[in-house]
Amino acid sequence: MAQTSKLEKSVQVALENFMGLSNEEIFLVLTDEYLSDIGRVFFEVGKKITNEALYVEMKAREINGQEPPEQIADLMKNVDVVVCPTYRSLTHTDARREASSRGVRIGTMPGITLETIERCFGANPDKIVELTDMVYERMKRVSYVRVTTKAGTDFIMNIKGRRIIPSTGVLRKIGESGNLPSGEVYTAPWEKKSNGIIVFDGSFAGIGLLKTPIKVEVKNGYIHKIEGGKEASQLEEILNKAGKDANAVAEFGIGTNYKAKLCGQILEDEKVLGTIHIAFGNNVSMGGKINVKSHLDGLVKKPTVYFDDVIVMKDGKFTKEMEV
């Protein structure tokens with residue numbers, strides 16, 4: 001019972017402090033068979049906060065970015081607040097985008113665990129906002145990003161003029177959406193202009209924690225070669241199912257959540273302070289042009305990050321230049 005009470009308290013913090021749920025709003029919990037236990041907790045807690053709460057359980061999607069049923073997409077557009085504890089991510093879907101355009105606030109929680117809920121909603125929202133704003137203010141003036149690591153990463157992306165998105169997980173305004181919890185700053189690099197080697201050594205969406213690094217060679221914005229062990233083969237198999245554009249560089253992001261820990265769930269992993277992530281596939285939601293039904297993030301540990309020619313992170317630690 002004590003554990004349940006702690007979980008319920010964390011969910012209440014998520015709904016009230018991060019989502020800003022009020023008693024006049026219509027609240028929807030959208031979940032699936034894999035995360036229904038967590039979905040029901042959000043529903044039960046939400047019922048105590050607001051006058052009208054709905055619970056919908058659908059069949060789990062096969063890949064991140066796959067659309068929910070049309071009936072559910074319509075429902076999402078006709079409520080005030082939606083949370084989505086689901087097995088696969090609904091962030092990069094037309095259903096989410098269309099609901100957001102109608103003013104609905106949406107928190108997506110792909111693969112969320114009880115541990116992530118209790119750990120990350122114990123964070124101070126103001127501190128996450130402060131770290132995120134610092135990175136955002138510095139990053140929005142940048143033309144090129146280069147990432148290197150001792151593990152072999154050496155990768156460069158053109159982001160000049162692209163929208164820079166601060167994601168704090170604090171979603172209290174009309175039409176705001178993002179991961180819940182969150183803590184990252186991300187952007188869509190220009191299509192066909194990213195080149196180099198990325199050695200993913202943290203985790204990868206759809207795979208989990210990496211026992212063996214995955215080495216990815218990118219030429220002109222598309223994956224050219226994938227090398228590694230069993231997990232590299234898994235990645236190739238997943239990408240092949242979604243088509244050519246699933247291999248396109250979609251996103252570059254920097255984690256800013258000081259409570260997040262590397263756990264194998266990309267929802268939390270990509271928020272870990274001192275890491276960066278690079279995704280392949282759909283980036284329409286962040287201002288890109290790649291519209292494919294797949295979005296897969298990979299995590300790089302202890303990166304050195306250059307904004308143009310200035311080092312703003314050295315081996316996973318922010319430098320003083322990030323604060324300029």
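Strand β9 pairs with strand β15 (residues 249-255) in the antiparallel sense, over four bridges; pairing here takes at least two DSSP bridges between two strands, and strands (E, at least two residues) and helices (H or I, at least four) are DSSP runs numbered from the N terminus. Within this pair, Tyr186 sits opposite Gly253 of β15. The model is a predicted one, so local features need pLDDT of at least 70 and side-chain atom pairs count only at pLDDT 80 or more, while totals for chains, interfaces and linings use all residues. Residues are numbered from 1 along each chain as its sequence is written, and side-chain values use heavy atoms, with hydrogens and water left out.

Buried means under 20% relative accessible area, exposed means over 50%, and partly exposed is in between (1.4 Å probe, protein chains only).

Glu184 also takes us to the charged pairs. The whole structure holds 17 salt bridges, each a side-chain nitrogen of Lys or Arg within 4 Å of a carboxyl oxygen of Asp or Glu. One of them joins Lys271 to Glu184, at 3.9 Å from N to O. Lys271 lies in the loop between α8 (266-269) and β16, and Glu184 in strand β9, so this pair ties together parts 87 residues apart in sequence. Neither end has much exposure to show: relative accessible area is 1% for Lys271 and 3% for Glu184. Lys271 forms a salt bridge with Glu270 as well, at 2.8 Å from N to O, and both of these residues are buried. Elsewhere, Lys219 and Glu217 make a salt bridge with their closest N and O atoms 4.0 Å apart; Lys219 is partly exposed, at 42% relative accessibility. Asp37, Arg40 and Glu57 are linked in a salt-bridge network.

The buried residues of α2 include Ile38, Val41, Phe42, Phe43, Val45 and Ile49.

Asn282 sits in the loop between β16 (275-281) and β17 (295-301), and is buried at 2% relative accessible area. Its side chain reaches the backbone nitrogen of Val284 at 3.0 Å. Setting aside neighbours within four places in sequence, Asn282 is in contact (heavy atoms within 4.5 Å) with residues including His92, Arg97, Ala250 and His295.

As for the cysteines, the disulfide count (cysteine sulfur pairs within 2.5 Å) comes to zero. Cys84 is in no disulfide, and the nearest cysteine sulfur, that of Cys120, is 18 Å away. The sulfur of Cys120 lies 7.8 Å from the closest cysteine sulfur, in Cys263, which is too far for a bond. Cys84 is buried, with a relative accessible area of 1%, and Cys120 is buried at 1% relative accessibility.

Definitions and conventions
Polar contact = N/O pair within 3.5 Å; in protein donor to acceptor, adjacent residues only side chain to side chain.
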